[in-house]
Amino acid sequence: MVHHDGFQTVKATIDWEHPMFKLYEKAKRNGKWNPADIDFSQDQKDFASLTSEEKISALPLVAGFSAGEEAVTLDILPMAHALARQGRLEDVLFLTTFMHDEAKHVEMFSRWQQAVGIGQMDLSVFHNDHYKRIFYEALPEAMNRLYADDSPEAVIRAATVYNMIVEGTLAESGYYTFRQIYKKAGLFPGLLQGIDYLNMDEGRHIQFGIYTIQRIVNEDERYYELFIRYMDELWPHVIGYVDYLTELGKRQQQLARTYALEIDYDLLRHYVIKQFNLRKKQISRTKRVDVVEGLEKTAAES
């Protein structure tokens with residue numbers, strides 16, 4: 001039988017200085033954007049002006065983001081469920097904004113796809129086995145385990161794949177890629193505006209992941225090794241997916257008679273490696289993140 005033993009706010013108050021409450025406050029201030037307010041009319045014109053090869057080059061990245069945002073929206077609820085069972089009210093307060101953010105991210109990409117005329121196109125053909133291992137398997141496996149198991153090991157595995165791999169490595173690298181390609185080309189202003197909003201939201205989400213993993217490592221440093229092992233276990237799939245995208249892009253460049261987009265694939269690959277190593281460095285055997293300022297500083301380290 002499921003029941004509550006009591007409630008924090010009738011025995012005391014919310015912990016106003018808790019890092020997760022501070023993030024909740026930050027989300028209320030900065031998370032007010034609405035995907036429906038973004039104007040994609042110029043994006044529609046830009047997409048229509050691209051060559052067939054340039055259009056095809058854009059699709060794999062959009063396919064990765066669109067499905068990825070849907071996946072993290074569908075899979076976040078077990079984390080809130082697990083932390084609620086542990087009585088972590090401030091964490092759950094923040095996660096309510098987290099879920100709202102992810103829902104808007106799904107909406108933003110879907111609106112863009114509809115605006116440029118690819119709303120009914122099946123983009124799953126661009127999901128290779130490495131992508132599927134992360135988003136179709138590892139992410140839901142780790143997250144759904146939390147319904148029955150909220151042990152430190154289970155929480156670390158979930159936060160690692162969700163916050164440090166999917167958000168902290170792949171999504172952050174994806175934002176960088178969009179800007180490197182389309183901002184330089186002066187294309188897709190609506191999509192780039194949406195990417196800026198997503199990037200701001202994901203910064204808070206990564207801070208949640210850092211805090212959650214570091215909190216557990218501070219309680220028992222043996223969990224640091226678990227975090228590192230799981231990061232390394234997922235790395236071949238991260239770089240395997242990135243190399244696949246690179247190969248698709250280079251192939252389109254070779255096929256094209258004219259190709260105006262400037263893409264430095266070596267630079268993009270280096271950025272992914274940098275992000276992966278950065279996420280590993282942001283967790284330490286000894287570091288503490290008991291205040292939000294320290295959490296923000298850790299998340300901003302580069």
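**View 1. Helices α7 and α8 pack against each other.** Helix α7 (residues 129–145) meets helix α8 (residues 152–185) at an angle of about 145 degrees, and their axes are 7 Å apart. Here an axis is a line fitted to C-alpha atoms, for helices over the stretch in contact, with angles running from 0 to 180 degrees between N-to-C directions. Helices are DSSP runs (H or I, at least four residues), numbered from the N terminus. This is a predicted model, where local features need pLDDT of at least 70 and side-chain atom pairs count only at pLDDT 80 or more, while totals for chains, interfaces and linings use all residues. Residues are numbered from 1 along each chain as its sequence is written, and side-chain values use heavy atoms, with hydrogens and water left out.

**View 2. A closer look at the contact of α7 with α8.** From α7, the contact (heavy atoms within 4.5 Å) takes in Ile134, Phe135, Ala138, Leu139, Ala142, Met143 and Arg145. Among the residues α8 brings are Glu153, Arg157, Val161, Tyr162 and Leu170. Sorted by class, the contact has twelve nonpolar, three charged and no polar residues. For this count, Ala, Val, Leu, Ile, Met, Phe, Trp, Tyr, Cys and Pro are nonpolar, Asp, Glu, Lys and Arg are charged, and the others, Gly among them, are polar.

View 3. Asp129 is exposed, at 65% relative accessibility, while His130 is partly exposed at 29%. The labels go like this: buried is under 20% relative accessible area, exposed is over 50%, and partly exposed is in between (1.4 Å probe, protein chains only). Leaving aside neighbours within four places in sequence, His130 is in contact with Pro236, His237, Gly240 and Tyr241.

**View 4. Five annotated residues at one spot.** The unreviewed UniProt entry also gives "binding site" for Glu69, Glu102, His105, Glu167 and Glu202. They span 134 residues in sequence, but no two of their C-alpha atoms are more than 12.3 Å apart, so they gather at one spot.

View 5. His105, in helix α6 (residues 89–116), is buried at 0% relative accessible area. Not counting residues up to four places away in sequence, His105 touches Trp33, Glu69, Leu198, Asp201, Glu202 and His205. Glu167 lies in helix α8 and is buried too, at 1% relative accessibility. With neighbours within four places in sequence left aside, its contacts include Phe98, Glu102, Glu202 and His205.

Technical notes. Helix = DSSP H or I, 4+ residues; strand = E, 2+ residues; numbered from the N terminus. UniProt positions renumbered as here; feature names shortened; annotations may be inferred.
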